[in-house]
Amino acid sequence: MGQQTWAGAIGEFWRVAVRHKVISSLIALCVAGSLAGITLASSASGASGHSTGQSARPADVAAPAFSLSVLGRSGQHVSLGQYSGRPLIVNFFASWCEPCKTETPLLAKFYRTEKGKVVLVGLDENDVLGNAMSFTHADGVTYPVGWDPQFGVASAYGVNALPQTFFLDARHRIVDRIFGAVTLADLQKGIALATGKG
């Protein structure tokens, strides 16, 4: 009877050991899969260019429509629809945004140089009217600026930090997006993509 007890105990030990190895292997496989998923997600979001001045080519996505009052011009509106069939640059900014203080003068100069060749619309977000008007006037902005004090259009575009710039093709599909202040090189690349020359 003692041998049966020892034999039973050894058999039970092997069953438990095998079951433990199978369960441990499954747990290890789940942990490894989770770590691989986290690593892939981290590298994908890092590669998407969410740092200052970085470009991210979105999938062929239609730009959300908007219609806003023109900053400082009562009764006038600026809308995506009024530029139907034309490539467009849409720049989200605010007077309180530090990077915007260097970006906006660059955009104003670029627009004056390229006027007629490029359509640029600024959207002043979550700002005080007087500050926004002083800011755009001081920087010599002559392109249309929509005033969006409630951040509604920015939210529709997925903008959660300023500045951000979108390049739209003639069908108003988003072909490029810049996170942070744009550079002249960003503008040239975005226009090339928007016009199909890039």
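**Entry 1**

I began with N91, whose bridge partner in strand 8 is T165. I take helices (H or I, at least four residues) and strands (E, at least two) as DSSP runs, numbered from the N terminus. Two strands count as paired if DSSP finds at least two bridges between them. The model is predicted, so local features need pLDDT of at least 70 and side-chain atom pairs count only at pLDDT 80 or more, while totals for chains, interfaces and linings use all residues. Residues are numbered from 1 along each chain as its sequence is written, and side-chain values use heavy atoms, with hydrogens and water left out.

I found that strand 5 and strand 8 pair in the antiparallel sense over 5 bridges. Strand 5 is also joined to strand 6 by 5 bridges, and these two run parallel. There I looked up V90, whose bridge partner in strand 6 is V121.

I then asked how many residues of strand 5 are buried. I use buried for under 20% relative accessible area, exposed for over 50% and partly exposed for values in between, with a 1.4 Å probe and protein chains only. The count is 6 of the 6 residues, so strand 5 is largely enclosed by the rest of the structure. In a regular strand the side chains alternate between the two faces of the sheet. I noted L88, V90 and F92 on one side and I89, N91 and F93 on the other, all of them buried.

**Entry 1: F92 and the nonpolar core**

I define a nonpolar core as a set of buried Ala, Val, Leu, Ile, Met, Phe, Trp, Tyr and Cys residues joined through side-chain atoms within 4.5 Å. The largest one has 46 residues, of which F92, Y157 and L168 touch the most other members. I listed the contacts of F92, a contact being heavy atoms within 4.5 Å. Leaving out residues up to four places away in sequence, F92 touches L123, E125, V153, A154, Y157, V159, L162, P163, Q164 and F166.

Two residues of that list, L162 and P163, are linked by a cis peptide bond with omega near -5°. I placed P163 in the loop between helix 4 (152-156) and strand 8.

**Entry 2: helix 2**

I recorded C100, E103, T104, L107, A108, F110 and Y111 as buried in helix 2. They cover an arc of only 170° around the axis, which puts them on the same side of helix 2. The arc is that of the directions from the helix axis to the C-beta atoms. T102, K109 and T113 are exposed on the other side. The buried residues pack against strand 5 (88-93), strand 6 (120-125), helix 3 (129-138), strand 8 (164-168) and helix 5 (184-194). Just after helix 2, I noted G116 with a positive phi of about 95°.

In helix 3, I found A132, F135 and T136 buried. Seen down the axis, they fall within an arc of 90°, so they line one face of helix 3. The face turned away from this buried side carries the exposed residues H137 and A138. The cover over the buried residues of helix 3 includes strand 5, helix 2, strand 6 and strand 7. G140 follows helix 3 and has a positive phi near 70°.

In helix 5, the buried residues are D186, L187, G190, A192, L193 and A194. Their cover includes strand 5, helix 2, strand 8 and strand 9 (173-179). G196 follows helix 5, with a positive phi near 80°.

I asked where N126 and F151 lie. N126 is in the loop between strand 6 and helix 3, and F151 is in the loop between strand 7 (145-148) and helix 4. N126 is not a glycine, yet its phi is positive at about 50°; phi of F151 is near 65°. Are these residues buried or partly exposed? N126 is partly exposed, with a relative accessible area of 43%, whereas F151 is buried, at 18%.

**Entry 3: the whole chain**

I counted 5 helices and 9 strands in the protein. Buried residues make up 38% of its 198 residues. Among contacts between residues at least 6 apart in sequence, 69% join residues at least 24 apart.
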